[in-house]
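Subject: Handover of a model

Hello,

Here is the model for you to look over. My notes follow below it.

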Amino acid sequence: EGAVDVHQGSHRMSNWRSWWILRTYFQSLGEAFFEELTTDSSNMIFIIMFPVMNLMLVTLLIAIMTDTYMDVKDQSKLEWMIEMFYIAKEYRSPSRLNVFALCYDIVSFVLNTRDVDD
């Protein structure tokens, strides 16, 4: 009379009409519900759904990693192009030992800072 059913919560859910869908999802995440696998059909659903869900998770992981790799690859190519531009710009500029080029740089710097201040 005083005995309490330990599995009362899971039996309450098993009375729900579509519980097998939710149970199969939980089984794919690792919760087995072995005490409820009493029929051959529930065992077959478990056997089929477990590998299918794992395959879907692995496929999703591969897709996410591929997308991240492509983003990093595109960004690295852009960074490489910017660095090559600055290297080429540095080597194309004349030597600053030339007095005329140095004076020109000073005058253009002063004129540009005056334009920015206005």
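Does Ile47 count as buried or exposed, and at what relative accessibility? Ile47 counts as exposed, because its relative accessibility is 53%. The cut-offs are under 20% relative accessible area for buried, over 50% for exposed, and partly exposed in between, with a 1.4 Å probe and protein chains only.

First, the ground rules. This is a predicted model, where local features need pLDDT of at least 70, side-chain atom pairs count only at pLDDT 80 or more, and totals for chains, interfaces and linings use all residues. Residues are numbered from 1 along each chain as its sequence is written, and side-chain values use heavy atoms, with hydrogens and water left out.

Confidence
The average pLDDT (the predictor's confidence in each residue, from 0 to 100) is 76 for the chain, and 75% of the residues score at least 70. Helix α3 has the highest confidence, at 87, and helix α1 (residues 8-14) the lowest, at a mean of 54. Residues 1-8 have pLDDT below 50, and that stretch has one contact in the model beyond near neighbours in sequence. Contact means heavy atoms within 4.5 Å.

Overall make-up
The chain has four helices and zero strands. Helices are DSSP runs of H or I, at least four residues, and strands are runs of E, at least two, numbered from the N terminus. Of the 118 residues, 12% count as buried. The accessible surface is about 10,500 Å², and carbon and sulfur atoms hold 67% of it. Areas come from the Shrake-Rupley method with a 1.4 Å probe; for residues, only the protein chains shown count as cover.

Helix α3
Ile47 lies in this helix, which covers residues 40-92. The 53 residues should span 78 Å at 1.5 Å a residue, and the end C-alpha atoms are 78 Å apart, so the two agree. That expected span is 1.5 Å times one less than the number of residues. Ser42, Phe46 and Met53 are buried in α3.

Thr24
Thr24 sits in helix α2 (residues 19-28). Thr24 is buried, at a relative accessible area of 6%. Leaving aside neighbours within four places in sequence, Thr24 is in contact with Ile45 and Met49. Thr24 and Met53 are 29 residues apart in sequence, and their C-alpha atoms are 9.8 Å apart in space.

Best wishes
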